[in-house]
Amino acid sequence: MGLYPVAIEAALANIPRGKNSNVYLVDPTTGVGSDSNDGVRWSKPLATLAEAYDRCVANQNDVVVYLGGAQSLTLTAALNWAKSYTHLIGLCAPTNIAQRSRIFQLSSLTGASPLVTFSGSGCIVKDLYIFQGVDDATSLINVSVTGGRNYFKNVHFAGGGHATHAIDGGASLKLDGAEENLFEDC
């Protein structure tokens, strides 16, 4: 067995990593995760995506592995994934719709438009469900991709869950200057 349990090693297959790459584990739902943990051992995962992202270093192929579960990971602020060659992988059954590695908007968060921006380049994002379901006229764009040469595999971009998004021009996925990205099974 490698450094991580078999399920994590399988999730990391075909994810480029070098001698300086780090893998951070996020477990927001089982009560084990804590942002004071080191996040590099399965027995000591982090609790939030924001903390794992903050620990990553751009351009060294760091990886954030998010363990899906019965509850979603809820963002308390909009997230800008700006670190190039930094990868985000959901660890869940690779179904095409409503995977259990879910990223949701906190119900009291407003003005999160977009909720998630991928502005870095060369990132791999896979096996996630991103949903902006707050009925808020200031949170209209679910995911924006502005970076180039990213690879999205099996990502369910579930836009607005309320009529406000349809009426006021919301979007599940907005591409803006996003050259040479690949979306596979999304």
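A residue is termed buried under 20% relative accessible area, exposed over 50%, and partly exposed in between, computed with a 1.4 Å probe on protein chains only. The model is predicted, so that local features need pLDDT of at least 70 and side-chain atom pairs count only at pLDDT 80 or more, whereas totals for chains, interfaces and linings use all residues. Residues are numbered from 1 along each chain as its sequence is written, and side-chain values use heavy atoms, without hydrogens or water.

Rings of Phe, Tyr and Trp (its six-membered ring) pair if their centres lie within 6.5 Å; planes under 30 degrees apart count as stacked, over 60 as edge-to-face and the rest as tilted. By this rule there are eight aromatic pairs. One of them, between Tyr53 and Trp81, is tilted, with 4.8 Å between the centres and 45° between the planes. Tyr53 belongs to helix α2 (residues 49-55) and Trp81 to strand β4 (residues 79-81), 28 residues apart; helices (H or I, at least four residues) and strands (E, at least two) are DSSP runs, numbered from the N terminus. Tyr53 is buried at 9% relative accessibility, and Trp81 is buried at 0%.

Phe152 and Phe183 form a stacked pair, 4.8 Å centre to centre with 5° between the planes. Because Phe152 lies in strand β10 (residues 151-158) and Phe183 in strand β12 (residues 182-184), this pair ties together parts 31 residues apart in sequence. Phe152 is buried at 0%, while Phe183 is partly exposed at 29%. Phe118, Phe152, Phe157 and Phe183 form one aromatic cluster.

Tyr53 also has Lys83 over its face, at 4.5 Å from the ring centre; a charge sits over a ring if NZ of Lys or CZ of Arg is within 6 Å of the ring centre and within 35 degrees of the ring normal.
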